[in-house]
Amino acid sequence: MKKKNKFKVSRRTIMKGALATGAVMSAASIPSSLFAGEYNIPDPLKALPTTGGNMRWIDSGDMKGVFWKKLFPEYAASRGITIEYDGLPWKEINKIVPLAVRNGTVHDVFQIPLNMDPGVAVAEGWVQPWDDYIENIDEWLAGFPSGVYLPGVNQFGGKTYGVCLTANKRTGTCLLSSNKYMSEAGYDPQAGRMTYSEVRDAAKKITKNGNGQYYGWIIGGNQVNRWEDVVHTFGQVAGAHSGRGGFTNRHISFKTGKFVIDSDEYMAAVELLLQLKSDGSAFPGVMSMNAPQARALMPQGAAGMIFQGPWCIGTWAKDAPDWEFTIASEPVPDGKKAEPLYIAEGGSNTLWLSKDSKMGPFAGDLVRFMGTEQGQIYWAQTVGAADPAVSPGAVAKAGLTGASAQALKMFNENLLVGPNPIVRNKDIGIVAAKSRLPDPSLALVIQGLYTGQLQGIEKNLKECNQRYEDALDKAIDEARADGANVSRDDWVFPNWDTSSNYGADKYLEL
Amino acid sequence: MYKKSLSQQIYDARWCYLFILPCSILTGMFVLYPIGMSWYFSLLDWSGFTDDAKFIGFQNYVEAINDKFFWDAFYRSFIFMFGTVPVKIVLGFIIAVFLNNQVLKLSPFFRTIIFMPVVTAIAIIGIVMTFIFSPFNGPANKLLMATNLTSGPIDFLGNPDTVLPTVMGVYVWKWLGITMMYWLAALQTVPQDVYDAAKIDGAEGLKLWINIILPIVLPFAIVIILVEAVSALNVFPLIETMTAGGPFFSSEVMEVYIFRTAFITDAGTMPRLGYACAAGVFWGVAVLFITALQGFWMRKIRRI
């Protein structure tokens, strides 16, 4: 039996009123007339309440925010409500959402913190199912590609708790390069995937051409997750097949059930980063800047290459429309064939409906529209490859061109669906809730190797790998002590063919 | 002689209590309550996200004591304090001496200029300083290279050897104005007669300051040092905005360590509010103990 929350005391109740008032007054209530008429919003399938109201929505912003800020005023005007949108970095969402849930001021529609398993949010009573608010939900769900909605991922107890309007078929470490600098260095940025040697050579030549004014490569080194993202993805491309996502997926080979942090492929990726530094190709001050700062410096001509995500495309198109760049796949070690990258089943940017929300009818109506082909086309036309629409058909009809189209083509070619242990065994959600990242994490180890505070790539990655193994074993032991039926075998998928998608039928074979 | 009862005394002072009531309520809500609850949370294995909190006694404290990163942050916090407090005390005193001089006509102007960083939001300063110290077109590096003090740019905030001294320098610059004001207040308690008498007796320059003025302001110095020491142990906003404790823990002080443990975890693992509270309580008690020790020794010195 779930314990009632014994930490609710009157102080929070007093603050609730003040916070709710402040929240209503503070964030983006956009005038409904600003973008009138851009979207053809259909009538609701069933009558909505006529009492109006204010719907609050929070997500991680970026290009999603650009779209919502265009759509929300029109939708709000058509339904006689107001919509308050907060697009915040994940660091803020990770802090704000749990606090808001605890003091009863959480937004109506929100994304759950990255470090939280969805099953925990459902079990803790943070969210309610969308079933009552999305008309003909079964028919609506059938319109999504297979594998987007899965038990244990966004569906629990036969009901849909999380809505995915975007696909998770993308990476965040593509090679984005300046056409001008690459051409001057003798490289054709459109030529496709480069090898590590080519990246190093191009970076050296760009740096030489720059003569102190610009450099070959840049990264937001202060933002530790970027180091891990780069090494993880490069390692996968080089052949260290592993999952993506949270601690219970990331860096784990689903062939062996073991972490691959100390693999040759990961070491080679770290070595590439260190070589870029020792070559003098790294932009000075990478350790002082975060990823958005590094991204902002690219169109200013500070560097020739950056390993970043497709969200740069929309930002650069807006901030520097005349700057020409190319997006290409992640580089591969010399002599190696590029391997697929694996994503888990399900979509991304999952939206959850607050348990206490009174705006469920409107949220359900809006989300239902966004799940239709027309809604998905609207999404794709604005957001593009930054957060690809979950419907491939809609993406094709959106008429995307240029870097967005190139990025989507790359993702379709390079990404496959891999196994997801939690789909196989729901109790892995309990393991996720118990898991604690060891100190220092892989991200910090790579950062330490880059700054020179740690010496020896192999030694440090081996030690890091062991820490991760120990941490997962400890989380499994704690989960089992709480009654979970899990073992390391749950991470081994002997029927995984790394050259094809791991579909729902594969889980049944196990 | 008639002695009033406690209730009568309280009733007689009722307006005082009424006026301190709002502040007391706010103090209770935002200071005492969080302190008390953090002691309780420190005894739990709790993420802060869920209701699933398990009482584990002092296990969090044991884990913190055995955590190398905890002690590294602890050590760095005191490095920060010992590196900034003496500089602020001495510099603040020297500036206060100059600005206390009635002959100096522009004294109010200089006081304002030196005090301006104090009233500027610390988060803004942190962010602006990342641009000022940037090795790419940052003004600090441009000045150093233009004056041939360095041949190439220095990554002040990205180099583990320079990051902490740089943040310490910004901290001193930001809060020097308040130390100056403390010293000005102290110096202005010295009667003019003392200066006149000293002049007549031939005590001038350094002799005046060492033998006459400093002994008079010494009690203030004790208080100023104590206040500055505690302030130097509370530098979270500045470090979080400038470096977030990096690179690779080089500038991670205790508050950043606690914040990282409580909130900022990598994707896929839960935060550890219980453990972070234990680290916070341990830190608070340590600071209290060291402050008390400081106060004890300062008073001993004062008696001498």
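1. Two residues are in contact if their C-beta atoms, placed from the backbone, lie within 7 Å. Helices (H or I, at least four residues) and strands (E, at least two) are DSSP runs, numbered from the N terminus. The model is predicted: local features need pLDDT of at least 70, side-chain atom pairs count only at pLDDT 80 or more, and totals for chains, interfaces and linings use all residues. Residues are numbered from 1 along each chain as its sequence is written, while chains are lettered from A and ligands numbered from 1 in the order in which they are written.

2. Overall form of chain A. Chain A contains 20 helices and 17 strands. Along the principal axes, the C-alpha atoms of chain A fill a box of roughly 65 × 55 × 45 Å.

3. Burial in chain A. A residue is buried if 20 or more other C-beta atoms lie within 10 Å of its own, exposed if 12 or fewer, and partly exposed in between. By this rule, 53% of the 510 residues of chain A count as buried. In helix α11 (residues 311–319) of chain A, the buried residues include Trp311(A), Cys312(A), Ile313(A) and Gly314(A). Among the elements that cover the buried residues of α11(A) are α2 (63–79), β12 (303–308) and α15 (402–414) of chain A.

4. Helix packing in chain A. Helix α8 (residues 225–238) and helix α9 (residues 264–278) of chain A have axes 8 Å apart and pack at about 125 degrees; axes are lines fitted to C-alpha atoms, for helices over the stretch in contact, and angles run from 0 to 180 degrees between N-to-C directions. The contact involves Phe234(A) and Ala238(A), among others, in α8(A), and residues including Tyr266(A) and Leu273(A) in α9(A). The residues of this contact of α8(A) with α9(A) divide into nine nonpolar, one polar and one charged (Ala, Val, Leu, Ile, Met, Phe, Trp, Tyr, Cys and Pro count as nonpolar, Asp, Glu, Lys and Arg as charged, and the others, Gly among them, as polar).

5. Helix packing in chain B. Helix α4 (residues 68–99) and helix α10 (residues 205–232) of chain B come within 9 Å, axis to axis, and cross at roughly 140 degrees. Residues of α4(B) including Lys88(B) and Ile89(B) meet residues of α10(B) including Ile224(B) and Glu228(B). Thr179(B), in helix α8 (residues 163–187) of chain B, touches Lys88(B), Ile89(B), Gly92(B), Ile224(B) and Glu228(B), not counting residues up to four places away in sequence. Thr179(B) is buried, with 27 other C-beta atoms within 10 Å.

6. The interface. The contact between the chains takes 30 residues from chain B and 41 residues from chain A. On the side of chain B that touches chain A, the residues divide into 17 nonpolar, nine polar and four charged.

7. Backbone points to inspect. Most residues other than glycine have a negative phi, and most peptide bonds are trans. The bond from Asp439(A) to Pro440(A) is cis, with omega near -10 degrees, and a cis bond also joins Gly246(B) and Pro247(B), with omega about -5 degrees. Phi is positive at Asn349(A), near 50 degrees, and at Ala244(B), near 55 degrees.
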